[in-house]
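The stops below go one selection at a time.

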Amino acid sequence: LRSELLKLGLYADGREITADDVRSLSFDEGGRAMMTFIDGLCANNAPDVARAITHLRDEPVLPLIAAITNRLRPALIISCFQGNDTNEALKATGFDPAKKNYAINKARSALKIYGAERIKIFMAQSARLSFLEKTSRAEGWQGFEVIIWELMTKI
């Protein structure tokens, strides 16, 4: 139970956890699919990402876009700020770099693997998809998978 609450906390990224959050992370199969997907993406583990996607495809894509951008937000911040400014920017967004932080460690790993430019492009593409999902021009899973595989293959 503690492990599941931790996952919900990571997914909610500091905001209040809602019943919709719980439903978004609950699956008949592959109950760990969301975390497997997010961690797999941060580690460039294509088999884990592909396996998780098969369990996630029946769900709306918007919560997954939010979850992965929340996980990669520290990578974006680290790539945009230098020295002490990095720590201040991380603190301003709710991350304490002085503490051992799972999300920051995963984000740093993704930044090391993909590089700053790819992270920035992915985050911009995610913002675009998020906007489109909220309009009549949604690209759905097809658009989301395109940016995921582009990130993971352009190393």
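Which backbone nitrogen does the side chain of asparagine 101 reach? Select asparagine 101 and alanine 103: the asparagine side chain comes to the backbone nitrogen of alanine 103 at 2.9 Å. This is a polar contact (a pair of N or O atoms within 3.5 Å; within protein, one must be able to donate a hydrogen and the other to accept it, and residues adjacent in sequence count only if both atoms are side-chain atoms).

Two notes before moving on. The model is predicted, and local features need pLDDT of at least 70, side-chain atom pairs count only at pLDDT 80 or more, while totals for chains, interfaces and linings use all residues. Residues are numbered from 1 along each chain as its sequence is written, and side-chain values use heavy atoms, with hydrogens and water left out.

**Around asparagine 101**

Stay on asparagine 101 and show the loop between helix H6 (84–92) and helix H7 (102–114), where this residue lies. Helices here are DSSP runs (H or I, at least four residues), numbered from the N terminus. Asparagine 101 has a relative accessible area of 18%, so it is buried; buried means under 20% relative accessible area (1.4 Å probe, protein chains only).

**The aromatic cluster**

Now select Phe37, Trp141 and Phe144, which form one aromatic cluster. The structure holds 2 aromatic pairs. Rings of Phe, Tyr and Trp (its six-membered ring) pair if their centres lie within 6.5 Å; planes under 30 degrees apart count as stacked, over 60 as edge-to-face and the rest as tilted.

Phenylalanine 37 and phenylalanine 144 have ring centres 5.9 Å apart and planes at 45 degrees, so this pair is tilted. Phenylalanine 37 sits in helix H3 (residues 33–42) and phenylalanine 144 in helix H9 (residues 140–153), so the pair ties together parts 107 residues apart in sequence. Both count as buried: phenylalanine 37 at 0% relative accessibility and phenylalanine 144 at 0%.

For tryptophan 141 and phenylalanine 144, the centres are 5.7 Å apart and the planes at 80 degrees, so the pair is edge-to-face. These two residues both lie in helix H9, 3 residues apart, about one turn of the helix. Tryptophan 141 counts as buried at 13% relative accessibility.

**Helix H5**

Last, select residues 62–80, helix H5. Of its 19 residues, 14 are buried, so H5 is largely enclosed by the rest of the structure. Zoom in on leucine 72, where a kink of about 40 degrees lies shortly before proline 74. The bend at a residue is the angle between axes fitted to the seven residues ending there and the seven starting there.

Terms used. Buried < 20%, exposed > 50% of the residue type's maximum accessible area, 1.4 Å probe, protein only. Expected span 1.5 Å × (residues − 1).
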